[in-house]
Amino acid sequence: MAIFRTWRGWGVLFAFLILLFTCPLFFSDRVLTIMTMIGIAIISVHGLSILTGYCGQISIGHVGFMGVGAYTSAILCAKLGWPFWAALPCAALAAGIAGLIFGLPSLRIKGFYLIMATIAAHFIIIWVILQLRNVTGGADGMAVPRAEIAGFVFKSKASYFYLVMIIACLATFLSKNIVRTRVGRAFIAIRDNDLAAEVMGVNLWAYKLVAFFIGCVYAGLAGSLLVHYFAFASPTQFPFMDSVWYLGMLIVGGMGSTAGAIFGAVALKLLDELVTIVGPILSTVVAAQAAASLALITRGLVIIIFLIFEPRGLVHRWEMIRAYFRLWPFSHEE
Amino acid sequence: MTFFLQLVVTGFALGMVYALVSIGFVIILKCSDAFNIAQGHFVMIGGYLGYTFLVPFGLPVWASLLLAIVAAIIMGLLIERFTLRPLVGQPILAVIMVTIALASILEGLATLFWGGEYKAYHGVLPTLPLKLGEISIPSETSIGLIVSIATVAILMLFFRYTKIGLAMRATAEDEQVVQSAGIKVTTVYALSWVIACIVGVISGILLGGVSGVMTPMAEVGLKAFAVVLLGGVNSIGGAIFAGIILGVLENIAAGYLDPLLPAGGGLANVFPFIIIIIVLIFRPYGLFGLVRIERI
C-alpha cells in the first residue's frame, strides 16, 4: 500500500514539513526546546511502536536502551574524541545489540514474563552505568561535547531543532516503510497470532530479535540526541517511569500505527508542559507538594482514561474525523 | 562467621517483606489473571494509613488496624470497579498498563496527602527484639514471619472451607464454566482485589512500624516480582519460600561482593532483577509453579 493514495496527501505532507522547518522563524527558544524534546520522544516512540505496537513484544525497559545509546555516544565523543556523526550510528548500534541480548528471553516467554524481563533489563543497565564510574562518572554524570558536523557546532536551539527534526522525519519515513515490507508484515503476523505466524513460515526466533534490534536502535538514537542536547549525561535522565510513559504515548496515540506514535508523543509531551505550568500555581494555592503529585496523577489518569474509553488511541479519533468530512453529508459508507 | 549469620538473619527479614508483597500479588493473579504492578504501592499506602491512625489520630493499635482494613476494602472495591472491570477481556498490555497507572496515581495521592515525606512510628507497635548470642534478630523477621504465616493460614482455610473461596479457586481455573454455574465472576474479582489490598495494607502498617514509611517503599513491589517468578506465579507457599531464599541470597551477595565492586556496589538493588532474568531464561514457571506457562 502506498504511503498516500492521492497527490493531495503528498501536498499536505510537504506543506506540513515547510511549516515545521520554518518554525524557528516564528517561535521563541522555549517553544523550540519543547519541540526538540517532542522530536526526540517521537524517535524513541517509533522504536517502541515497532517493537510493541507492531510485533507485540511489550517492553517496559525502553528508557534503559536509550541510556545505552546515550552513554555510548557520550563516551565515544568525550573520552575517545570521536566526531558526533560517527558516534551517533555507533550509539544506535550499541543500543540495538543491548536490545538483542535482553530480547533473548522473548524466544521462550511472552506477555507478563517478557515485561518482567524488560523491567529487569532497565534496572541492570542503569546499575551497570552507575558501576562503570571511571568512564561514565557514575551518579555524578559526565559532560558531553556539543553535537558537531563538519565544523558546524549545533549550539543554538534552532540548529539543534533542525538536527532533531531531520532525524525524526527520516525515522518516521523509515518506520513507515519498515512496516510495509516483508519484515513488517511478519511482525504483524507475530503480534496477531504467533502460532499461526510460525505455521505460515515466519521465523519467530529471527523476527522477534529483529524487532528488538530495530526498536532499540531507535531508542539509542533518541538517547544520544538527548544527552548531546543537554551536553550532559546522568542516570537520572533515564528514570524507570519514563519507560512507562513512552508506552503511555503509544497507547494514547494508538498502537500499531506510525501516525499514532507521533500523535501520542506530541499529546503527552504537551500535557507534561501543561503540568509544569499548572503545577507551580497549584503548589502555591493548595500545598507545596501539589506540583509533584499533579504530575503523577495526571500521567496515571490519562493512561487509564485512554485504556478504558479509547483503546485505539488518538489516531482512531483522527480517522473518524477525516471520514466524517470525506463522507459528508452521509454518516457512513454504503 | 558472625558476619555471615548476621547477613542471613537480616536477609531473612528482607525476605519476609518480599513474601508479604508477593502474597497479595499471587492472589490477584490466581483469581483474575491480572498482573498487579501496584502491589508495592498498596504496602506504601498501608504504611501511611498506619501512621495517620496511630500518630496524628492517636488511636489504639486494634482500632487503627480495623480502620486501615476498612480503608483497604474501600480502596480495593473502588480500584476494581472503576479501572479493572471495564478492561475484563482486554489484552494483557491494557491490564498491566492500568495497574502501572494506578501505581502512579497512588504515589501521587500519597505525595499529596502525606507530602511523600519519611514518617516513622517506632515504638507504637509491639516489637519483638530478639538476640541469639551475638546476632540480633531484627523485628521484621519475627513480625514478618508471624504475619505471613498467619495470612497464608487464614487464606488457605478461606480458600478450602468457604463457599466464596471455592468460587475463587474455580474462577482461577475457568471463568466461563464458573459463570454458567451461576457464580458472579465480578464479585470474585472484586473480592480478590479487596483481599490483596488488605494484605498489602496490613504488611504496610507492620513494615512502617519497624522501618518507617516513605514513597520509595513502593519500589519493593518491583523487586517482589523476582520472588513471584522464582516461587512460581500461582503458588502462595512458593512466594514465601522464594521470598526467604531471595532475601538471604541478596543480602549475602551484597555483603560479600559489594566491597569488591567499584562505586560502592549497590548490588542489593539490582540482584532481584538479575534473578528475574536467570529464572526467565532457565525455569520460567518458577520453583513451585504449574508447568503451564505459555511457551512458544
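Biologist: What distance does helix α13 of chain A reach from its first C-alpha to its last?

Modeller: In this predicted model, α13(A) covers residues 258-285, which is 28 residues. At 1.5 Å a residue the expected value is 40 Å, and the distance from the first C-alpha of α13(A) to the last is close to that, at 41 Å.

Biologist: Where in α13(A) does a kink lie?

Modeller: The kink in α13(A) amounts to about 30 degrees. Its place is shortly before the proline P280(A), at V278(A).

Biologist: Which elements are included in what covers the buried residues of α13(A)?

Modeller: The buried residues of α13(A) include T258(A), G260(A), I262(A), F263(A), V266(A) and L268(A), and K269(A) is also buried. What covers the buried residues of this helix includes four elements of chain A, namely α3 (29-54), α8 (157-178), α12 (240-253) and α15 (314-327).

Biologist: Are α3(A) and α12(A) roughly parallel or roughly perpendicular to each other?

Modeller: The axes of α3(A) and α12(A) come within 10 Å and cross at roughly 75 degrees. Angles of 65 to 115 degrees count as roughly perpendicular. The contact involves A41(A), V45(A) and L48(A), among others, from α3(A), and Y246(A), L247(A), M249(A) and L250(A) from α12(A), and its residues divide into seven nonpolar, four polar and no charged. The two helices, α3(A) and α12(A), are therefore roughly perpendicular.

Biologist: Turning to chain B, how many helices and strands does its secondary structure come to?

Modeller: From the N terminus on, the elements of chain B run α-α-α-α-β-β-α-α-α-α-α-α-α. Chain B has 296 residues, and buried residues make up 51% of them. The secondary structure of chain B comes to 11 helices and two strands.

Biologist: Which element gives the largest share of the side of chain B that touches chain A?

Modeller: The contact takes 41 residues from chain B and 39 residues from chain A. On the side of chain B, the elements that give two or more residues are α4 (92-114), α9 (220-231) and α11 (267-282). By class, this side has 30 nonpolar, eight polar and three charged residues. The largest share, 16 residues, comes from α4(B).

Biologist: How many nonpolar residues does the contact of α1(B) with α9(B) have?

Modeller: The axes of α1(B), residues 2-32, and α9(B) come within 8 Å and cross at roughly 75 degrees, which makes α1(B) roughly perpendicular to α9(B). Among the residues that make the contact are V17(B), Y18(B) and F25(B) of α1(B), and V220(B), K223(B) and V227(B) of α9(B). By class, the contact has one charged and three polar residues, and the number of nonpolar residues is 10.

Biologist: Which elements do the buried residues of α11(B) pack against?

Modeller: The 16 residues of α11(B) should span 22 Å at 1.5 Å a residue, and this agrees with its end C-alpha atoms, which are 22 Å apart. The buried residues of α11(B) include L267(B), V270(B), F271(B), P272(B), I276(B) and L280(B). They pack against α9 and α10 (236-257) of chain B, together with α6 (112-131) of chain A.

Biologist: Is P91(B) buried, exposed or partly exposed?

Modeller: The place of P91(B) is in the loop between α3 (61-84) and α4 of chain B. A residue is buried if 20 or more other C-beta atoms lie within 10 Å of its own, and exposed if 12 or fewer do. P91(B) has 14 other C-beta atoms within 10 Å, so this proline is partly exposed.

Technical notes: Residues are numbered from 1 along each chain as its sequence is written. Chains are lettered from A and ligands numbered from 1 in the order in which they are written. This is a predicted model: local features need pLDDT of at least 70, side-chain atom pairs count only at pLDDT 80 or more; totals for chains, interfaces and linings use all residues. Two residues are in contact if their C-beta atoms, placed from the backbone, lie within 7 Å. Ala, Val, Leu, Ile, Met, Phe, Trp, Tyr, Cys and Pro count as nonpolar, Asp, Glu, Lys and Arg as charged, and the others, Gly among them, as polar. Axes are lines fitted to C-alpha atoms, for helices over the stretch in contact, and angles run from 0 to 180 degrees between N-to-C directions. Angles under 35 degrees count as roughly parallel, over 145 as roughly antiparallel, 65 to 115 as roughly perpendicular and the rest as oblique. The expected span of a helix is 1.5 Å times one less than its number of residues. The bend at a residue is the angle between axes fitted to the seven residues ending there and the seven starting there.
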